[in-house]
Amino acid sequence: MSTIKKRGGPLQGIRVVELTKVWAGPYTGKLLSYLGAEVIRVESLGSMDVTRTYGVEDINNAPGWKAVNPQKLSVQINMKSEEGLSRLKDLLATADVLVENLRPGAMERLGLGYEAVKAVRPDIIYVSMGMYGAEGPLAYQTGYAPCFAALGGLSALVGYEGEAPTGMNVRYADSTFGTAAAYAAAVALFHRGRTGAGQFIDVSAVETMSSMIGDALINYSLNGVVEQCNGNRRAEMAPHGVYPCAGGDWIAIAAHSDQAWQALAGLLGLAADERFANLAGRKAHEVELDKLLGEWSCSQEVSGLVELLQAAGVAAAKSENSLDLIADANLWAREFYPNVTDAHAGSRMTVGPSWKMTRMAEITDGAPALGEHNTYVYGEILGLSEAEQEELVNKGVCR
Amino acid sequence: MSALQGIRVLELAEQVSGEYCGKLLSDFGAEIIKIERPDGGSPTRYLGPVAEAGDDAERSGLFAYLNTNKHSVTLDLTSADGVQTLHKLLDKVDVVVADQRLDWLQAAGLEPEAVAASWPSLVLCCITPFGLQETPAGLAATDLTVFHSSGWGFHTPSAPDLSRPPLKGAGRFMASYEAALDAALCVVAALCERQASQQGQLIDISMQAVLVTRTDYVMGQMVAGDMPVSDERTAFDLAGPAAIYATADGFVYIWMSAPAHWQALGTLLGNPEWMNDFPGDWLEKGCTPERVEVVRGHLATWLAGEQKAAISAAAQKLGLIMVPVNNAADLQACEQFIYRQYFAEVEHPQLGKLVHPTVPYRMSETPAAIHSPAPLLGQHTETTLAALAGGEQ
């Protein structure tokens, strides 16, 4: 019987091998793992993921690593040795999906390009992730997440009206990119389930960002309009913004219908103000409207104000800080922060999946220590005897 | 054969989240039967950008973008007949994608748990702002309020001016697009399972939860007690001078985090005097707000006279990570996008030829493809209902 327990979930029985770094590729693996797949990260001391070492002493207790890699397995394989590469190919011969986000050309240099992997596993689903994708005149370029958002047209749309764009918070882009890759992998798994055929998937981070602003790109095609950042405004609604509250809090308010505006106007004492009687008027006088709303909101306590507005049928929410997110009632009602356990540091909370489904995969394990599953991979999957595994240690393939 | 060909999806969507989820599935050949209200159809038909000419229900570029490859069937779900027809349709489809709230679903006789029980092989995916369990029920919500319920709003932009409001993200629909990706992922994963089990299931997507999961590198550390939680707007930030700067013709983004980046900047600028005040490793070991401020000032002055594409290329050659901040016009002209055919021309009967963004994944066996424009309102009502009534499988 396997030492790896069955967790259920729609992708149970699928094996994913990850040759990934930092956040985007690991996020793809995490989504597949949360859907029930067995996800094995291939790691080596000589080419360690920076999230294991960044700002920490103990590579097995690195907070960033733990945040993105729960419920995965880790096998240590020295890819600088022939023997290591050979064992990795043996592992890939048993895999359904390979996810990689190494630098452009790195997989080919390792002898692990699509054709090479296909030779050992003809129906492999090979997911290659790159800033600009695997092919094309700019495919050689690399960058960090905010570069994806800048290049893809997304950053230009974030910022205050009439000013230089600010872009999203610096953390944005990797996880969205990882999700696009996971979706494509799932589609390929479905196709393979019907036909037996694997395929090569080439995912572009920059294009993923462009896909998050598709309607703005259509505006250019349709009307020649190059959209710019516009603060918190939106053409179809006014007011539509984020306003100050007492104690440094902020509230997001959107008058999403005429009815909602009427209710809000009543609360503001603006029901009789003809400037704001219809959307066109409110758009024309939006600066004054925002000012009045801010003056009204700024002395009020945010949660009471959200309740008041919601009771009146107006879309309103606190702009949540990190304390709020950890205490958020809707997230807790979804059991959004599961407890996971790892061999080193015991139990901890982590960020769970966005979905609930009838037959969820169990999420119980924390992120793995380096090589924690060497015995499972080398022994159980590859069928090597204890003596053979010891020889791998002696040869420096693993520890 | 495209990957999802033969999969039939009933789309009960009137917002961007559900319609984009349907599009993600239809890109791969799933047959989407989009149910629309007879009096005007989906509300997205009236959202901008709109063309100047054309029938009111057919002028929206947004609708045209979100609904390629789909069939439009009008059905009055406020009538008993309409609901009955809908229930008959459920016998003929593999998937339902809905972005309606729970009260709407209940009124249409589609209580999610009951549907799952009555149609056991159906994959039913519900996308709602806070999930089907939302408390209190029926919260009024838009993409703006959901986005600000997720942490992304409060922490955008990085390094904020605290006197100014946090921002909504890019454009109008980030919360919807992000949620649609998770929804489509779960639907296809459930279809994979169904290949063997023959069982469907209920999928409940919370748009808020989707956005929070995208912060997992940060929130995963915070919820585990490894990173401080606070009411600071900078809580998600990384220190340093990385930011967007204005050039003569637009904007560039510079990332600087390592001594090598600092060195490259020096080479590019000809090692100016002011850089001598900084230790070579200050980005890693002495990244104070004062130093960041000084560097930002110098970068801003220098870049104001440069061209975004040329200076980015020069910087990249030296190992300084600088990229142009592209806009919609730049993207259509981008050689990489052209090479990869990211944009595709689609002929719409009223809008004419329109260039659409496509998908970020190139798939060797089952490429995504747009084979038909968004449907006119009710275009497929008769043929679809007749075919289904005729017992076509």
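Predicted model: local features only at pLDDT ≥ 70, side-chain atom pairs only at ≥ 80, totals over all residues.
The contact between the chains involves 124 residues of chain B and 125 residues of chain A. On the side of chain B that touches chain A, helix 7 (residues 174-197) gives the most, with 15 residues, and the residues of that side divide by class as follows.

| Class on the side of chain B that touches chain A | Count |
|---|---|
| Nonpolar | 73 residues |
| Polar | 34 residues |

The largest nonpolar core has 245 residues, of which A:Val127, A:Ala184, A:Ala185, B:Cys125, B:Val187 and B:Ile203 touch the most other members. Helix 7 of chain B supplies the largest share of this core, 16 residues. If neighbours within four places in sequence are left aside, A:Ala185 is in contact with A:Leu32, A:Val97, A:Ile125, A:Val127 and A:Ile201.

Helix 13 of chain B (residues 308-318) has B:Lys308, B:Ile311, B:Ser312 and B:Ala315 as buried residues. Seen down the axis of helix 13 of chain B, these buried residues fall within an arc of 100°, so they line one face of the helix. An α-helix has 3.6 residues a turn, so residues three or four places apart point the same way. On the other side of helix 13 of chain B, B:Ala310 and B:Lys317 are exposed. The buried residues pack against several elements of chain B, among them strand 7 (243-247), helix 10 (259-269) and helix 12 (289-303). Just after helix 13 of chain B, B:Gly319 takes a positive phi of about 90°.

Notes
Residues numbered from 1 in each chain as written. Chains lettered and ligands numbered in written order. Contact = placed C-beta atoms within 7 Å. Helix = DSSP H or I, 4+ residues; strand = E, 2+ residues; numbered from the N terminus. Nonpolar A, V, L, I, M, F, W, Y, C, P; charged D, E, K, R; others polar. Core = buried A, V, L, I, M, F, W, Y, C linked by C-beta atoms within 7 Å. Buried ≥ 20, exposed ≤ 12 C-beta atoms within 10 Å, placed from the backbone. Arc of directions from axis to C-beta.
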